[in-house]
Amino acid sequence: MALPSFAQAQDEPLFQCQFGSGKEVTLRTSAQGMSYVFGRPNAKPELFLLRKYDEIGVTPWNGVGGSIWEVIEFRNADVTYRIWGDFDRMTEAHEITGGIMVERGEEDLAQLECLPGSATYAPFSFSDAYEAAGYCWRFDDSQWQEQCE
């Protein structure tokens with residue numbers, strides 16, 4: 001199954017943003033899965049995760065609220081990295097925000113919010129990438145499935 005054009009271009013991330021610490025996070029897609037890169041720009045990443053699509057969790061927008069949001073979840077041993085993108089659909093500026101929530105079980109380890117204006121995110125792009133990889137959303141039980149009918 002072909003990936004959408006935004007997912008095929010390795011130069012264009014699915015999601016990217018900078019933090020006040022000078023670090024950034026970048027998500028990219030490929031035919032094999034998604035990558036998560038965290039660290040300082042143009043330096044060796046502090047954390048690099050490459051996961052197959054069946055190892056990634058994607059929570060699509062539920063259709064409610066003033067913003068369109070999505071979450072992608074990467075696991076690394078017992079730590080979960082939840083990357084969120086948010087598009088404010090109620091204002092003329094249509095502000096884009098995002099960040100990372102880092103958790104171990106029920107314990108919050110860190111929460112980083114993107115610097116204002118630094119987030120690169122297109123509404124529905126997380127779900128679109130997952131669908132392009134062959135998954136579809138089942139509305140009756142709010143789950144992704146691999147075999148689409």
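Strand β7 (residues 79-88) and strand β8 (residues 96-104) run antiparallel and are joined by nine bridges. Strands here are DSSP runs of E of at least two residues, and helices runs of H or I of at least four, numbered from the N terminus; two strands pair if DSSP finds at least two bridges between them. The model is predicted, with local features needing pLDDT of at least 70 and side-chain atom pairs pLDDT 80 or more, while totals for chains, interfaces and linings use all residues. Residues are numbered from 1 along each chain as its sequence is written, and side-chain values use heavy atoms, without hydrogens and water.

| Strand pair | Bridges | Direction |
|---|---|---|
| β7 and β8 | nine | antiparallel |
| β8 and β9 | six | antiparallel |

Glycine 99 in β8 stands opposite tryptophan 84, and the bridge partner of glycine 99 in β9 is glutamate 113. The hairpin of β8 and β9 has two residues between the strands, and glycine 105 in the turn has a positive phi of about 65°.

One disulfide is found in the whole structure, a disulfide being a pair of cysteine sulfur atoms within 2.5 Å. Cysteine 17 is joined to cysteine 114, with an S to S distance of 2.1 Å. The pair links distant parts of the chain, 97 residues apart: cysteine 17 lies in strand β1 (residues 15-18), and cysteine 114 in the loop between β9 (107-113) and α2 (125-132). The link is left-handed, with -70° about the S-S bond. Both cysteine 17 and cysteine 114 are buried, that is, under 20% relative accessible area with a 1.4 Å probe, protein chains only.

Notes
Buried < 20%, exposed > 50% of the residue type's maximum accessible area, 1.4 Å probe, protein only.
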